[in-house]
Amino acid sequence: MDTSNFLTSLFGNYYNHSFVKIKPPSNMSSREFGFMFFRHGAVIRHLGFENDDQLRTFLIREVPSDVFYSAAYYNQPSMPKMPMKGWEGCDLIFDIDADHIETSCKDKHDRWKCQVCGEFGKGGKPENCPKCGKSKFEEVNWLCDICLEAAKLEAIKLVEDFLFPDFGIHKKEITVCFSGHRGYHIHVESDIVKEINSQARREIIDYIKGNGINPEFHGLQEVGRERLIIGPATDGKGWSGRIARYVIKFISELDENQVQREDKSLRKKLLTLVKEKQKVVTNLSRHPPLWDTMRNIDINLWHLIAERAINMAKGEIDEPVTSDIRRLIRLPTSLNGKTGFEVKPLKLNELAEFDPFSESQVFQGQLTIHIIDVPTFRIGEEIFGPYTDEKVELPLAAAVFLLCKGVAKMV
Ligand SMILES: [Zn+2]
Ligand SMILES: [Zn+2]
C-alpha cells in the first residue's frame with residue numbers, strides 16, 4: 001500500500017472515532033482554517049466553519065494530515081483575500097521550538113542531504129555543501145527526550161517567569177499544548193491581548209528575549225566618589241530581579257572547566273570568583289544585596305556576568321509566530337502529520353510531568369515497515385533502533401512516527 005494512502009486512512013479512523021475529543025477553538029465561526037494533506041503538499045486555507053459539526057464532518061471526509069486555525073478573529077474568515085476578511089483581533093501566541101534551542105543531541109540525531117549532489121552528513125546542515133559547494137539541502141530534524149525536555153523547560157519559564165509576573169496574565173487565559181513535533185505552543189486569550197497590534201507584539205518579543213536590556217538601567221552601577229558598586233535585588237520587579245537571580249545562578253554554576261573556555265584576559269578574575277562563589281552568592285542574596293563584594297570584580301566584569309545572566313534568563317520564542325497577527329496555528333487535539341502524535345492540550349500543572357513520547361501517542365497495534373535510516377528513539381517505555389535499511393515490525397505508533405517523518409516506507 002502507498003504510504004500516504006495508509007496514513008490518510010489511519011488519520012481518518014482517528015478523526016472518526018475521536019469525535020468527542022476534537023476541541024474546536026473558541027469563537028470558531030470567526031476563525032480562518034487551513035489544512036495540509038498527505039496526498040499533496042499544498043496548504044489549503046481561507047476556509048471557515050460555522051460550528052463544531054461542520055469541522056468534524058470535514059475532518060472525517062477530507063482527512064487532512066495537519067489542521068490549522070487562525071489565532072485571529074475575522075468578520076468573514078473564509079474570504080479568499082486577507083484584506084477582505086475584516087480583522088477583528090488576535091490571540092497572543094508563543095511558539096517554543098527545539099530548533100531554536102542549543103542542545104548537545106542535535107549533532108547526534110539531525111541529518112542533512114545535498115539536493116544537488118547527494119552528499120549527506122550528521123548534525124545541522126553546513127552553509128555550503130562540502131562536495132559541490134551548493135546550498136540546497138533536505139534536512140531531517142529528529143526529536144528526542146533532550147530536545148523536548150529543553151523546550152518544555154523554556155515553556156515553563158515563559159509562563160512562570162514572564163507571562164504571570166511581568167504581564168499579569170491570568171492562569172485562566174493561558175492554554176499550553178505540545179505541538180506534536182519539536183515543541184510547545186502557548187495561547188493567551190483575553191480581551192486586552194486581542195487588540196494588540198503587530199508592532200506592540202514585537203515589543204513583547206523584545207522584552208521576553210531580553211533584546212537591548214542594559215543592566216545599568218536596572219541598577220547595576222558605580223556610585224559616589226568611592227565608586228561603590230550597587231545592583232538589583234532578587235525580589236526586584238521584571239528584568240531587575242531577573243538579572244539578580246540569574247547572576248546568582250550563573251555564579252553558582254560557574255566552575256573551572258567553564259572558566260577555561262572564557263577569554264584569556266578574564267580567566268584569572270573568574271577563577272577567584274569560583275573560589276569565593278559561596279560568599280558572593282550569599283552577599284548577592286541579601287536584602288539589600290551586597291554587590292561590592294570582591295575587590296577584583298570591577299563594574300565591567302559585573303556587566304559581562306550580567307550579560308551572561310540575561311542570556312540564561314531570556315525566553316527562547318520563535319519571533320514570527322508571535323508578531324504575525326494573521327498566522328495559522330495547529331489546532332489542539334488534532335494530529336501532527338510530521339509525527340502522527342497528538343497536538344496535546346495540557347493543564348499548566350500537568351506540563352512539568354508531561355511525556356510527549358507516551359502521552360501524545362494515539363495509535364495501537366503492530367506494523368512491519370521498511371526503515372531507511374533512523375537513530376535511536378523512544379515510544380512509550382520502549383527504546384527502538386538505530387535501524388538502517390531493514391524491515392522491522394514495530395508498535396503502530398512507532399511505525400506511524402517513522403512513516404510520517406519520511407524515514408520509512410510501507411512494505
Ligand atoms: Zn552537494
Ligand atoms: Zn535531541
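Thr175 has His187 of strand β11 as its bridge partner. The two strands involved, β10 (residues 174-178) and β11 (residues 183-188), run antiparallel and are joined by five bridges. Strands here are DSSP runs of E with at least two residues, helices are runs of H or I with at least four, and both are numbered from the N terminus. Two strands count as paired if DSSP finds at least two bridges between them. The model is a predicted one: local features need pLDDT of at least 70, side-chain atom pairs count only at pLDDT 80 or more, and totals for chains, interfaces and linings use all residues. Residues are numbered from 1 along each chain as its sequence is written, while chains are lettered from A and ligands numbered from 1 in the order in which they are written.

Strands β10 and β11 belong to an open sheet of four strands. The order is β6-β11-β10-β15, and the pairing is antiparallel. Strands β6 (92-97) and β15 (344-346) stand at the edges. Each has a single partner strand, so one side of each is left without a neighbour in the sheet. From one strand to the next, the twist averages 25°. Helix α5 (residues 145-163) packs on this sheet and touches β6, β10 and β11. The direction of α5 makes about 25° with that of β11. Axes are lines fitted to C-alpha atoms, for helices over the stretch in contact, and angles run from 0 to 180 degrees between N-to-C directions.

The chain as a whole holds 16 helices and 20 strands. Its C-alpha atoms fill a box of roughly 80 × 50 × 40 Å along the principal axes. Of the 411 residues, 36% count as buried. A residue is buried with 20 or more other C-beta atoms within 10 Å of its own, exposed with 12 or fewer, and partly exposed in between; the C-beta atoms are placed from the backbone. Residues are in contact if their C-beta atoms, placed from the backbone, lie within 7 Å. Among contacts between residues at least 6 apart in sequence, 64% join residues at least 24 apart.

The domain assignment gives domain 1 (3-99 + 144-205 + 318-362), domain 2 (106-140), domain 3 (215-313) and domain 4 (363-411). Such bounds come from an automatic or database domain assignment. The C-alpha centres of domain 3 and domain 4 lie 49 Å apart.

Helices α8 (residues 238-253) and α11 (residues 277-285) pack at an angle of about 170°. Their axes are 10 Å apart. The angle makes α8 roughly antiparallel to α11; the class requires over 145 degrees, against under 35 for roughly parallel, 65 to 115 for roughly perpendicular and the rest for oblique. Ala244, Val247, Ile248, Ile251 and Ser252 of α8 meet Lys277, Val280, Val281, Leu284 and Ser285 of α11. The residues of this contact divide into seven nonpolar, two polar and one charged. Ala, Val, Leu, Ile, Met, Phe, Trp, Tyr, Cys and Pro count as nonpolar, Asp, Glu, Lys and Arg as charged, and the others, Gly among them, as polar.

Ala244 of helix α8 is buried, with 26 other C-beta atoms within 10 Å. Beyond its neighbours within four places in sequence, Ala244 contacts Gly231, Pro232, Ala233, Thr234, Gly236, Leu284 and Pro289. Ile299, in helix α12 (residues 299-313), counts as partly exposed, with 17 C-beta neighbours inside 10 Å. With neighbours within four places again set aside, Ile299 is in contact with Glu222 and Ile229.

Conventions:
Two residues are in contact if their C-beta atoms, placed from the backbone, lie within 7 Å.
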